[in-house]
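Hi everyone, thanks for making time this morning. I'd like to walk you through one model, so please have a look at it with me.

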Amino acid sequence: MSVINIKIPEVQIREVRLGSITGFEGTAGELVKCARAGTLQDSTRSFSQCMGCSSGHAFCQLSMITDAVIINHAPVGCSGDFFGFNFVYRVGQMERDLPSVIGRYFNTNIEERDTIFGATEKLEATIREVYERIKPNAIFVTTSCASAIIGDDVESVVNDLTIELGIPVVGCYCEGFRSKIWTTGFDSAYHSIVRKIVKPPRKKTNKVNIINFWGAHIFDDLLRPLGYEPSYVVPFSTVAELEYISEAAATIQICPTLGTYIGAALEQIYGVPEIKAPPAYGIAGTDKWLRELGKVLDRQEEVEEIIKKEHARVLPLLEEYREKLKGKTAYITAGAAHGHSLIALLRELDISVKGAAIFHHDPIYDNGDPTSDALAHDVNTYGDVPNFNVCNKQAYELVNILNRVRPDIMIARHGGMTLWGAKLGVPTLLIGDEHFGFGYQGILNYAERMLETLDNTEFVTNLAKHSSMPYTKWWLEQNPFSFLGGNAHVEVY
Amino acid sequence: MLKFIEQPRYSCAIGAQQTVVAIRRGVPILHAGPGCSAKVSALIGQGEGYAGGNTIPCTNAGEADIVYGGEDKLRSVIDGAFKVIDADLYVVLTGCTSDIVGDDVGRVTAVYQEQGRPIVYAETGGFKSNNYVSHEAVVNAIIDQYVDVHNKGAEKQKGLVNVFASVPYQDPYWNGNLEEIKRVLEGIGLKVNILFGNESNGVEEWKTIPSAEFNILINSWTGLRIVKHLEEKYGTHYVHFPYLPIGGIETTKFLREVAEFGKLEKEVAEAFINKEEEKYYSFIERTADFMLEFRYGIPRRFYTILDASYSIGFSKFLLSELGILPAKQFVIDDTPEEFRAAIEQQFAKISDLRSAEVSFSIDGGAIQKEIREDTQKNRALILGSAWERDLATDIKADLLIISAPVSYRLVLNCGYAGYNGGLRAIEDIYDRVLNTYR
């Protein structure tokens, strides 16, 4: 179990905290075995393509706190993701019937002379002016490679300004070069919230924290009949709401890759129990998850009722989908835990999973509980998965594998990957809403969308016919893992 | 002076990866932190292109590269890129990590250059400049390290010109604009190296850069360093048209200036101009009834929140060809001090009768606040970015998104330059205006 220490400004990176890796080839079963035995070793790549970084992932969680502003202490390019998240924020406003507002995001514009003289004065002045302009309830300062390497003491600046302005001015240390696992950025954001925003509980409430992105509010219908109130964290929360997530009755993770740190932090520091079963994907997974929820919330009988009722409703429909999808093959590319969840979902539908390219692997989560291992759950429940590749968005490996495997369908969770299925003529599906596949209904949702996608081959067939391929013929004939492992000159990828 | 930015509309130096992506079969190799490329793509990318987006090789600098230097890793990624990516030109671009710790990237790439590999490097650490400036640095690097090597002592080719106009991808309509610019220049009898996008012949075309009879720069300031460099290097003179020509008046003016500078055959040029104007104004004539008679409100004042070239180009067009009057204009490209006076002069004589007020600012939040505080005495048109959506709604203005981020538009070959671009602008503006009626 990792010990959450909110006294230090920076969160420990996942490689150190959890032993997480970004390179592996083998089967899912082998990976789980290594992870449990503590013998997991990372493989490095001697050729690599651009990835994501922590700063974007920290921003992803902080940028939709409705009454906070973000200052990115960085050269302007680091803020290239501002509008993308603002777009997501505004789509969420529409879905929630909230008034139309834009995200208030600032960049300190670190320039050449700042790399010589330091940019803390610039940061201070920016914080003061931004405060005057917006009068927010909190200001988060996200750092960058540049601010860190030039050695700006951001923590002193934010601490002084917290006193001066009388609102939390919070440093979120998320510079990209620190970790090759970009989800470390989620941990940075949560660390900064738990450190500087969350307060000790005044009482216990009937709220349940849902650690999610911005998906549909599917937990309302589950929790309210049980007498609990969902509280979706962090996007679309206010600073005041975040202050008392410590009072909740439980914390639900929609994906432990996202919420591992905050779930464990709230449990360790404030005693908020975290639901530790893997997220509810597939029938067996959903049964298990609901039963743990029932136990933690003291609603075991009610939950058994739900399971009974939902089985009666869903199983016959599921059987129909299985008939239609039987014999189909799929390939998955996604972030870690969500990818594991999708494997469960596809296997539940009798689809043969021919392989997966999963962005990283956490051998254990911050709660230290091996039952949270969603991949172990997949292997134990449905059997092993071949061609299991831990691969942080290395499209060249993906294209090579897809070209060999040629599945009937490719399922992707993140942008930038679907194109490679389609260019090879493989129907490809990306679902944006992270709650779409959750629970019993989620299996049916996915089944329906997969049937639609499998049926719609005209587009990909035509696209494949007219597509260019930037990869060499030589490369497509090599072992896809030719660049993985073994290069003595290369430190870390 | 404090220069923070709310609502960024451009990228940092490493944004010039898109300059490379815009070259046919060119691929950038980033020696940078892991998220840099994705953030550039998020703001100004338009899909993968040939080998952009997630295809871009990158060293993904980590802690060890900061402490021990990253040259070995760069070598290894370059080796891999040559094997895995099928490209004609590889351009190594550095990020903040490499530039601050001081990796000698020139030394690393020199080894490959000596082997005759098509590889170039440029230092583009994000803190060094924005991507308007680094575009120039990257183009000059390709000229010095690639073009020059392949074309020593070439003869000048009569009628051949190199065109430098907008910054690819930073100008969301770069491809359409370049297509139209090439079309009209060919119309007056030139052979055109357009260098980027679909109408370019890639590196083979770049190799003929030294053979050009003269260079054409269509931009307020970005690219001046390129044409001056070419003048020093190859003695190629340049003609500078300091904004994007949009519509009939300005395109004709542009073509006449070029024709005169290049001493082209006047009859050929004028015949083309006549034909184009005839076509163009037949449509303008058709819209005149609508402009004069539509009684339910069309925009009567405009704001531009654009880079200098677009801001001047659209201001002249909207005023003289559509009769919309300038409110205040905001230039958001962080124009270097030395070029501001010339831009102010353009606005001072935006037509023969009128001047327009202009200010330089990179802070979108402050610009929007200023516009909100203006008296909105009649319907306004805003030419800006996706950031302007709520502003437009709140002051009941029409919004045409010209600047990055474009997010609410899907851009393929749309362009606003030239005669065709002018017509397209009219269609797009009044499409949005008419669409507000039930």
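This is a predicted model: local features need pLDDT of at least 70, side-chain atom pairs count only at pLDDT 80 or more; totals for chains, interfaces and linings use all residues.

Residues are numbered from 1 along each chain as its sequence is written, chains are lettered from A and ligands numbered from 1 in the order in which they are written, and side-chain values use heavy atoms, with hydrogens and water left out.

So, how much do chain A and chain B bury between them? About 5400 Å², with 63% of it on carbon and sulfur atoms; buried area here is the accessible area (1.4 Å probe) that two parts lose on being put together, summed over both. Chain A puts 73 residues into the contact and chain B 63, where contact means heavy atoms within 4.5 Å.

Seven salt bridges cross this interface, each being a side-chain nitrogen of Lys or Arg within 4 Å of a carboxyl oxygen of Asp or Glu. Helices (H or I, at least four residues) and strands (E, at least two) are DSSP runs, numbered from the N terminus.

One of the bridges pairs B:Glu6 with A:Arg104, at 2.5 Å from N to O. Another brings B:Lys3 to A:Glu111 at 3.3 Å. B:Lys3 sits in the segment before β1 (5–6) of chain B, and A:Glu111 in the loop between β3 (105–107) and α5 (112–117) of chain A, so this pair joins two chains. B:Lys3 is buried because its relative accessibility is 18%, and A:Glu111 is buried at 15%; buried means under 20% relative accessible area, exposed over 50%, and partly exposed in between (1.4 Å probe, protein chains only).

Now within chain B: B:Arg379 and B:Asp398 form a salt bridge, their closest N and O atoms 2.7 Å apart. The two are 19 residues apart, B:Arg379 in the loop between α15 (364–373) and β12 (380–384), B:Asp398 in strand β13 (residues 398–401). B:Asp398 is buried, at 4%.

Last, back to chain A. A:Thr238 lies in the loop between β7 (229–233) and α11 (239–243) and is partly exposed at 22%. Beyond neighbours within four places in sequence, A:Thr238 touches A:Ile65, A:Thr66 and A:Asp67. Thanks, all!
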